[in-house]
Amino acid sequence: MRVTSVLLATALIFIGELAHGESTEVDSTPIETWKGKTVLIFTPHPDDDTFACGGIMKILADNGNNVQIVIYTNDDKGSLDPDMTSERLARIRKAEEEKACNILGIPAANITWLGYEDGNLEYADPQRLRGEAARQIKKHRPDAVFTIDPGQKHERWHKTDHRMAAFITQDAFIASEWHLYYPQHLLVDKLKPYHVPVAYYYYTEDPNVTIDITGVFEDKAKAAAAHVSQFEPSLSKYTPEMGKETFEGIKAWAASLSKEDGKMVEKFRRLEWP
Ligand SMILES: [Zn+2]
């Protein structure tokens, strides 16, 4: 009888775990002090992660955390160069992202490319897209997720990929918690449900966390500048080289976005996911 009760209790705990993800404790210490954690960053294009989170990415990597990046699109449309092709641009953007991540201390092996075409995320199958994002959450089981804030700004106006990435990632939080969403993840791939403990939303209008990135700002500026083809003159006529003047311009632009009270900062909306 007693054994039966124990077995029953164990089974109920197991079912509970399957039904609503693994219980994950929220680490409420400042994220810039984390060590040995896993952080998953969702980005619509191979540059939003660098521009919005490059500082904290570098700090997390330096502190020995496992920083994983999931990129929705291959960014193969954003060039004004008449001689550019989508295939070539995708290759260039991939190499630029890998270089930027390398500067931030994150290996290319930590980048997952979902491979959607630039500007087409909103026209992809949302059911499939949400499943792919949920799969990444279940696979990496992150202590925190960074993603675009699905706020007003993205509904009023924004690039389609930003809007879609924001909502799809958010929806994937829920889908990853319950085993009956995308049951094949558990049944076939043995990926158990997972509850995202805390989210940090970037490109937000309602920041509640400010992170001092002064010590790594130079690296962030270099990583931003690794996205050569996103800036003139390379945008209009591709060249892999970036002149000193262009780099200084990018650095000044990054500084103007980051400077606050004599420090360089990145701001996020932090939400402990219920
Ligand atoms: Zn973007």
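Predicted model: local features only at pLDDT ≥ 70, side-chain atom pairs only at ≥ 80, totals over all residues.

Trainee: What makes helix 8 mostly covered?
Mentor: Helix 8 spans residues 217–225, and eight of its nine residues are buried, among them Phe217, Asp219 and Lys220. What covers these buried residues includes helix 2, helix 3, helix 9 and strand 8.

Trainee: Why is helix 8 called oblique to helix 9?
Mentor: Their axes come within 9 Å and cross at roughly 125 degrees. Roughly perpendicular ends at 115 and roughly antiparallel needs an angle over 145, so helix 8 counts as oblique to helix 9. The crossing of the two helices is right-handed.

Trainee: Which residues of helix 8 and helix 9 meet there?
Mentor: From helix 8 there are Phe217, Lys220, Ala221, Ala224 and Ala225, and they meet Phe247, Ile250, Lys251, Ala254 and Ser258 of helix 9. By class, this contact has seven nonpolar, one polar and two charged residues.

Trainee: Why is Glu132 called partly exposed?
Mentor: Glu132, which is found in helix 4, has 19 C-beta neighbours inside 10 Å. A residue is buried at 20 or more and exposed at 12 or fewer, so Glu132 counts as partly exposed. Glu132 also lies 7.9 Å from Leu114, C-alpha to C-alpha, with the two 18 residues apart in sequence.

Conventions: Residues numbered from 1 in each chain as written. Helix = DSSP H or I, 4+ residues; strand = E, 2+ residues; numbered from the N terminus. Contact = placed C-beta atoms within 7 Å. Axes fitted to C-alpha atoms, helices over the stretch in contact; angles between N-to-C directions. Parallel < 35°, antiparallel > 145°, perpendicular 65-115°, else oblique. Left-handed = near helix turned anticlockwise from the far one by under 90°. Nonpolar A, V, L, I, M, F, W, Y, C, P; charged D, E, K, R; others polar.
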